[in-house]
Amino acid sequence: MLNVSIVIPAWNEAERIRDCLLNATRQTVMPYEVLVVDNRSTDETCAIVERFIEEHPDAPVKLLHQNDEQGLIPTRNFGLNAATGDVLGRFDADCMIRPDWVEVVSGIFTEDPAAMGATGPVMYYDMPSRHFGLKGDNSLRKRIYRADGGQPLLFGSNMALRASAWREIAGEVCRDKADVMHEDIDISLHLLGKGLKTVYSPRMIAAMSARRMDTSLSSFLNYMRRFKNTFDAHPQHWRKHKPELLFTAMYPAMHLFYPVWQKVLSTADINPAEAAWINEQMELAESQGKQLYDETPTDEEYDEKHGEQDGEQDARGE
């Protein structure tokens, strides 16, 4: 089974980074390493990560610093280059991966040796009807988030690369100094340009915030233009569908509703990130607890075993 590194770029993510790390380490299969790559944060991000490491000494969490350049792409690249696993998972610091995410990702690349990049759907944990929204996102990404006649595009909030594939494109991915492109789609197109296979799996599930819908209209539209800008930078690639049209159509209603729902969550004192996978995490804890219970001998079994050992020692005169 291939091991999985997780890379989490972080800039001023004090509000969510602890929840993110809890989800990354409460897994059916523990990740090989979890690399938080701080990029000149001015809030408590680093202190929170350091405290998490102290409180969870068995968790493979490391804090790295990328101070040479401000920006997601150099920070992402720094983390991917530093990772040592067979597969490199990557998501944002406000994302909450499902408890079987590492196991599923490892399985995808183990079962399909040709797979070089993988992605899946996301659930919006700070919106209502989360699981209904997950079904909608799955349908959207499976059908229209594609290029070159049907090749899946990777989504930065829920993606993984085979380490060998990253090394093949690491020196070629766009630096995007103007910050006008989607860096995850850029990675996807560089993979496709090398003839490397990307796959979509509905079992590879993460949760993210819908906070993008809370930005101004001008900011949101600039963000949507990144789709076109990225494909313009890769004229050899093409797409049939334009997801930005659907996202833009959804914006007015989501923009009005998002802050209302945040007030509901705040009034009810609910941490939506913490609650994202609570049922699944409870099932995992119960399963692990049952296994521990089954492996722990009863008092009678313990006494019987140690009584036999004591008798053998007496017979040997020890």
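In the protein chain, 82% of the contacts between residues at least 6 apart in sequence join residues at least 24 apart, a contact being a pair with heavy atoms within 4.5 Å. The model is a predicted one, in which local features need pLDDT of at least 70 and side-chain atom pairs count only at pLDDT 80 or more, while totals for chains, interfaces and linings use all residues. Residues are numbered from 1 along each chain as its sequence is written, and side-chain values use heavy atoms, with hydrogens and water left out.

The overall picture comes next. The C-alpha trace spans about 85 × 50 × 40 Å along its principal axes. The chain holds twelve helices and twelve strands; these are DSSP runs numbered from the N terminus, with helices being H or I of at least four residues and strands being E of at least two. Of its 318 residues, 47% count as buried. Here, buried means under 20% relative accessible area, exposed means over 50%, and partly exposed is in between, with a 1.4 Å probe and protein chains only. The accessible surface comes to about 16,100 Å², and 53% of that belongs to carbon and sulfur atoms; these areas come from the Shrake-Rupley method with a 1.4 Å probe, and for residues only the protein chains shown count as cover. The chain carries 34 positive and 50 negative charges, whose mean positions are 13 Å apart. In this count Lys and Arg are positive and Asp and Glu negative, while His and the chain ends are not counted; each charge is placed at NZ of Lys, CZ of Arg, CG of Asp or CD of Glu.

Strands of a sheet pair through backbone hydrogen bonds, either parallel or antiparallel. In this model, seven strands make up an open sheet with mixed pairing, in the order β3-β2-β1-β4-β10-β6-β11; two strands are taken to pair if DSSP finds at least two bridges between them. The edges are held by β3 (61-65) and β11 (197-200), each with a single partner strand, so one side of each is left without a neighbour in the sheet. From one strand to the next, the twist averages 25 degrees. Strand β2 (residues 33-38) pairs with β3 in the parallel sense over five bridges, and V34 stands opposite V61 in β3. Helix α1 (residues 17-25) packs on this sheet, where it touches β1 (4-10), β2 and β3, and its direction makes about 160 degrees with that of β2. For such angles, axes are lines fitted to C-alpha atoms, for helices over the stretch in contact, and the values run from 0 to 180 degrees between N-to-C directions.

Strand β10 (159-162) is covered on both faces: M159 and L161 on one side, and A160 and R162 on the other, are all buried. Its pairing with β4 is antiparallel, over four bridges, and G89 has A160 as its bridge partner. Three bridges also join β10 to β6, again in antiparallel fashion, with A118 standing opposite A160.

Helix α4 (residues 101-111) lies across β1, β4 (87-90), β6 (115-119), β10 and β11, and runs at about 120 degrees to β1. Eight of the eleven residues of α4 are buried, which leaves the helix mostly covered. These buried residues are W101, V102, V104, V105, S106, G107, I108 and F109, and they pack against β1, β4, β5 (96-97), β6, β10 and β11.

A further open sheet has three strands in the order β5-β12-β7, with mixed pairing. Here β5 and β7 (122-124) stand at the edges with a single partner strand each, so one side of each is left without a neighbour in the sheet. Strand β7 runs parallel to β12 (residues 206-208), joined by three bridges, and V122 stands opposite A206.

A few single residues complete the picture. P152 sits in strand β9 (residues 151-152) and is buried, with a relative accessible area of 7%. Leaving aside neighbours within four places in sequence, P152 is in contact with Y145, R146, T198, V199 and Y200. Most residues other than glycine have a negative phi. D148, in the loop between β8 (146-147) and β9, has a positive phi of about 55 degrees although it is not a glycine. D179, in the loop between α6 (163-169) and α7 (183-193), likewise has a positive phi of about 55 degrees. Both are partly exposed, with relative accessible areas of 23% for D148 and 49% for D179.
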